[in-house]
Amino acid sequence: MEGPRRLLAHELPALGKLVDNVFMNGTDGAMNRAFSTLFNAANTDNLIVFSDDGRIVSHVGRTERWVSLGGCTVRVGCVGAVATDDAYRGQGLASKLLFQACAEGMAAGVDLFMISGGRGLYRRAGATEVGLDYRATVELAAARDLVLASVAIRPFEDGDLPIWMAAYQQKLAHYVRPSEDWECAVQTRICQTFDADFLTITNAGVPCGYVVCRVSEEDWLCHIMEYAGDARLVAAALAQVAERHDAHALRLVIPGTDPILFAYLERAGIALEPVHSSGTLLIVNFQQLIDRLRPWFATRAGLDAAERLDVQRDGDRFVFICGDASVELENLAAATEFLFGHHERNRPSGVFAKMFPAPTLRYGLSFI
Ligand SMILES: CC(C)(COP(=O)(O)OP(=O)(O)OC[C@H]1O[C@@H](n2cnc3c(N)ncnc32)[C@H](O)[C@@H]1OP(=O)(O)O)[C@@H](O)C(=O)NCCC(=O)NCCS
């Protein structure tokens with residue numbers, strides 16, 4: 001057995017075999033198609049593996065991207081396609097790979113991992129759900145109440161990409177997507193491993209936003225996987241999106257960072273159910289993350305408080321200090337929930353309630 005080590009470019013087909021077997025019933029090349037930003041020669045340094053006799057038997061992969069959280073640029077490792085060959089499970093291989101990925105990510109300047117899963121493997125390392133998002137189920141009749149005569153939808157056209165990029169970048173929390181990520185998404189029309197419908201929203205004929213959606217065969221609802229644009233115009237487009245897919249209702253998650261769409265839907269009487277943001281978060285460099293988020297803390301609680309915020313680590317415990325105020329959290333997961341928000345646990349008070357939660361992300365087209 002060899003590892004943990006980085007994948008070599010010529011081993012991409014061998015890795016493909018492992019992940020296609022584990023996730024895609026052995027359909028050759030399916031994972032590569034669904035995750036082409038992850039499984040490509042330029043990203044092999046971020047694919048950590050064990051091999052045995054020429055076969056890849058365990059894998060923890062990530063892409064590394066900048067994200068903007070409330071205007072602060074933070075480095076995120078998006079971890080996914082975590083797999084161990086059946087015959088090698090339960091020997092601690094994936095745990096060792098995750099540990100190695102954390103060390104290498106930290107050395108490369110990563111602040112946190114966003115992981116598409118929540119099993120013990122990740123939780124033992126300190127990953128947890130965070131974020132104060134809300135899931136809306138919008139019946140077609142309710143969506144029709146939000147219609148505006150000037151708003152329409154049409155399939156994505158090549159010339160729309162700059163509008164999509166501009167609309168997306170206006171979100172309070174967003175990936176700073178390299179053009180390759182956008183091009184890959186609009187060429188494959190795959191979102192979160194599913195074939196998806198890419199629709200441009202127009203207002204008086206002018207492109208101004210978009211939705212990416214699919215109808216799920218599990219519930220026959222039209223799921224909006226990513227949207228961007230002025231909240232009122234997005235709300236006005238929902239009925240046409242549902243009608244286009246013969247769906248009686250839509251499902252979408254309103255991030256905690258989008259209080260305007262939240263308010264329109266709430267005012268329309270639509271039920272909003274608390275959910276967390278995408279995946280689980282594992283902070284790999286707490287101190288650096290706090291420093292990178294200081295401009296956000298300043299917008300929320302003032303320059304003085306943002307400068308005085310200090311986080312000290314004492315064994316497993318984290319102590320947040322700001323002037324006279326201090327709060328102790330029992331471990332990394334609790335500290336992460338305190339910082340990024342959790343619907344039930346570790347809610348901040350006093351000066352910390354002003355600063356936190358820091359904005360959280362939804363995967364959308366950047367799912368790994
Ligand atoms: C998930 C998967 C990658 C784990 O691979 P692995 O090499 O067997 O992982 P490990 O040996 O490190 O851990 C396996 C189990 O051993 C036990 N274990 C390992 N280390 C442990 C520890 N320190 N303490 C307690 N239990 C431990 C746990 O039960 C763990 O399962 P958990 O993640 O549900 O808690 C593998 O089962 C797999 O490929 N599953 C199918 C694909 C999948 O679900 N991927 C994850 C998507 S989120």
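Q: How many bridges join strand E18 to E19, and in which sense do they run?
A: Five bridges join strand E18 (residues 317-322) to E19, and the two strands run antiparallel. Within this pair, Val319 stands opposite Glu328 of E19. Helices (H or I, at least four residues) and strands (E, at least two) are DSSP runs numbered from the N terminus, and two strands pair if DSSP finds at least two bridges between them. The model is predicted, with local features needing pLDDT of at least 70 and side-chain atom pairs counting only at pLDDT 80 or more, while totals for chains, interfaces and linings use all residues. Residues are numbered from 1 along each chain as its sequence is written, and side-chain values use heavy atoms, with hydrogens and water left out.

Q: What order do the strands of that three-stranded sheet have?
A: The order is E17-E18-E19, in an open sheet with antiparallel pairing. Strand E17 (310-314) and strand E19 (325-329) are at the edges with a single partner strand each, so one side of each has no neighbour in the sheet. On average, neighbouring strands here are turned by 20 degrees against each other, direction ignored. For such angles, axes are lines fitted to C-alpha atoms, for helices over the stretch in contact, and the angles run from 0 to 180 degrees between N-to-C directions.

Q: And the sheet of seven strands, what is its order?
A: That sheet is also open, but its pairing is mixed, and its order is E7-E11-E12-E13-E14-E6-E15. Strand E7 (151-155) and strand E15 (272-275) are its edge strands, each pairing on one side only, and its neighbouring strands are turned by 30 degrees against each other on average, direction ignored.

Q: How do E11 and E12 pair?
A: E11 and E12 pair in the antiparallel sense over seven bridges, with Ile201 standing opposite Gly209 in E12. The two strands form a hairpin with two residues between them, and Ala204 in the turn has a positive phi of about 55 degrees.

Q: What about E12 and E13, how many bridges there?
A: Strand E12 (residues 206-215) and strand E13 (residues 222-228) are joined by six bridges and run antiparallel, and Val215 stands opposite Cys222 in E13. Their hairpin has six residues between the strands, and Trp220 in that hairpin takes a positive phi near 60 degrees. Most residues other than glycine have a negative phi, and most peptide bonds are trans.

Q: Which peptide bond involving Pro4 is cis or trans?
A: The bond from Gly3 to Pro4 is cis, with omega near 0 degrees, and Pro4 is found in strand E1 (residues 2-6). Another cis peptide bond joins Phe356 and Pro357, where omega is about 5 degrees, and Pro357 lies in the segment after helix H13 (351-355).

Q: Changing topic, which strands does helix H6 lie across?
A: Helix H6 (residues 161-169) lies across strand E11 (197-203), E12 and E13, and runs at about 85 degrees to E12. Helix H9 (residues 259-267) lies across strand E6 (133-139), E13, strand E14 (249-254) and E15, running at about 140 degrees to E14.

Q: How do the axes of helix H10 and helix H12 cross?
A: The axes of helix H10 (residues 286-301) and helix H12 (residues 332-340) come within 13 Å and cross at roughly 10 degrees. The two helices are therefore roughly parallel to each other, a term for angles under 35 degrees, whereas over 145 counts as roughly antiparallel, 65 to 115 as roughly perpendicular and the rest as oblique.

Q: Which residues make the contact?
A: Phe286, Leu289, Ile290, Leu293 and Phe297 of H10 make it together with Leu332, Ala335, Thr336, Leu339 and Phe340 of H12, where contact means heavy atoms within 4.5 Å. These residues divide into nine nonpolar, one polar and no charged; Ala, Val, Leu, Ile, Met, Phe, Trp, Tyr, Cys and Pro count as nonpolar, Asp, Glu, Lys and Arg as charged, and the others, Gly among them, as polar.
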